[in-house]
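Keep the structure open as you read.

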Amino acid sequence: MSQGVRTRPEGSERALCEAYDTALLDLDGVVYAGGHAIAYAVDSLATARDGGMQLAYVTNNALRTPDAVAAHLTELGIPAGAADVITSAQAVARLIAEQVPAGSRVLVIGGDGLRVALRERGLVPVESADDEPVAVAQGYGGPELAWGRFAEGCYAIAGGVPWFASNTDLTIPSARGIAPGNGAAVEVVRIATGAEPRVAGKPLPPMHRETILRTGARRPLVVGDRLDTDIEGAFNGEVDSLLVLTGVTDGAQLLAAPPKHRPTYVDADLRGLLTGQPEVAVSGDGFRCGGWTARAGGERLELDGEGAALDGLRALCAAAWKVAGEGACGLDGGKALARLGL
C-alpha cells in the first residue's frame with residue numbers, strides 16, 4: 001500500500017486479479033443485494049477464481065453462520081464453502097477467547113452466527129445473567145430478537161462483566177429497505193449501562209486480523225462499497241482496496257472522502273477485478289485520466305473533456321483529494337458529476 005496521504009486513485013498495468021493473490025470481498029452491495037446477485041458479479045468472480053485468485057467473503061453481519069452464507073452464495077451461482085466466509089462473529093469470538101479461560105460462559109445478545117462462533121473458540125453461550133457469564137457478546141440478532149435479551153445483557157454488564165460487540169454498523173440493508181443494524185442495538189445497551197464495548201468488526205483491526213489468519217493472504221485486496229467500513233478497514237490494515245459503485249457510496253461521498261476513506265482503485269462493479277486500472281496523471285494545474293481533465297476551481301471542481309465516466313470520476317477524485325490534503329474536500333462537485341451521469 002502506498003505510504004502517506006493518498007491524493008489520487010492509483011493505476012495498475014496488470015489486471016487486479018493477477019496483481020493480488022486474494023480478494024477480501026464485502027457481500028451486500030458488492031456480491032449481492034438482498035437475495036439476488038449484483039450484475040456481473042457471478043461471471044466476474046468465476047473468471048477471477050479460474051485465474052488463480054483466492055476469494056474470501058468478509059461480512060460484518062454476525063447473524064448467519066458461515067455455512068448459511070456459503071449456501072446462499074452457492075445458490076446464486078458463486079461456489080463457496082464455509083471456510084471461504086469470515087464474519088464479525090468469528091472476529092469477536094476470537095477476541096473474547098483471548099481474554100477468558102477456555103470453557104468460559106458468554107452471555108449472547110444475538111443469533112446463531114454468534115453462538116456457533118463462540119463454540120468454535122471453546123466458549124459456552126448462555127442466555128441469562130444468572131448463568132454467571134464472564135463476558136457479554138453482542139451481534140446482530142435479526143428483527144425477531146427479544147427485548148429480554150438486551151435486559152439480560154444489561155444486568156450482566158452492570159455487574160461488571162466485560163462487553164464485546166461484533167460490529168457497530170447503525171443500519172443494515174433488507175429486502176424492504178434500510179433497517180436498524182447491530183450498532184443501533186449496541187446503543188440501547190450503551191444508554192442503559194453507560195458502558196462501552198470492545199468492538200471487533202470492520203473497520204477495526206480484529207476483523208482484518210481474523211481475515212488474514214483464516215485466508216493466509218500475502219497480498220490481499222479489499223473490495224467493498226462502503227467507505228466507513230470496507231475502505232477504512234483496508235486503510236487500518238495497511239492493504240490496498242477497490243471501491244465498487246454498486247452499493248451505498250456515490251460520487252459526491254467519494255470526492256469528499258478524508259484520507260482513511262480513499263480507496264486505492266475505483267470501478268463500477270466487480271468487472272474491475274479483471275482489468276488493469278488507468279493512470280491518473282498530473283496535467284498542468286489539474287489531473288488527467290483517459291479523455292478527461294479535472295481541476296479545483298475557486299469554489300467548485302471543474303471537468304473538461306470526454307470519454308468514459310469512470311475516468312472522469314477518477315480525475316475528479318485526484319483534484320478533490322489533492323486540494324483537501326488530510327481533510328475532506330469542501331468544493332462543489334455536483335455539476336461535474338452530473339456531466340458524468342453520476
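What follows is a short tour of a predicted model.

In soluble globular proteins, nonpolar side chains tend to be buried together. Here the largest nonpolar core has 31 residues, and Leu-25, Val-31, Leu-45, Tyr-57, Leu-73, Val-223 and Leu-270 are the ones with the most contacts inside it. Two or more residues of this core come from each of α1 (16-19), β1 (22-25), α2 (41-50), β4 (54-59), α3 (66-75), β13 (220-224) and β14 (240-244). Click on Tyr-57 and you'll find that, leaving aside residues up to four places away in sequence, its contacts include Leu-25, Val-31, Leu-45 and Leu-73, along with Ile-78 and Asp-84. There is also a second, separate core of 28 residues, with Leu-243, Leu-255, Val-266 and Ala-320 among them.

Now for the loops. Gln-277 sits in the one between β15 and β16 (281-283). Is Gln-277 buried or exposed? At a relative accessible area of 5%, Gln-277 counts as buried, because the cut-off is under 20%. Its side chain makes a polar contact with the side chain of Arg-314, at 3.4 Å. Beyond its sequence neighbours up to four places away, Gln-277 also touches residues including Glu-10, Gly-11, Ser-12, Tyr-265 and Val-266.

Pro-259 lies in the loop between α10 (251-255) and β15 (265-267). With a relative accessible area of 15%, Pro-259 is buried too. Not counting residues up to four places away in sequence, Pro-259 touches Val-5, Phe-235, Gly-325, Glu-326 and Gly-327. Leu-213 is 46 residues from Pro-259 along the chain, and their C-alpha atoms are 26 Å apart.

Key:
Residues numbered from 1 in each chain as written. Predicted model: local features only at pLDDT ≥ 70, side-chain atom pairs only at ≥ 80, totals over all residues. Heavy atoms only, no water. Helix = DSSP H or I, 4+ residues; strand = E, 2+ residues; numbered from the N terminus. Buried < 20%, exposed > 50% of the residue type's maximum accessible area, 1.4 Å probe, protein only. Contact = heavy atoms within 4.5 Å. Polar contact = N/O pair within 3.5 Å; in protein donor to acceptor, adjacent residues only side chain to side chain. Core = buried A, V, L, I, M, F, W, Y, C linked by side-chain atoms within 4.5 Å.
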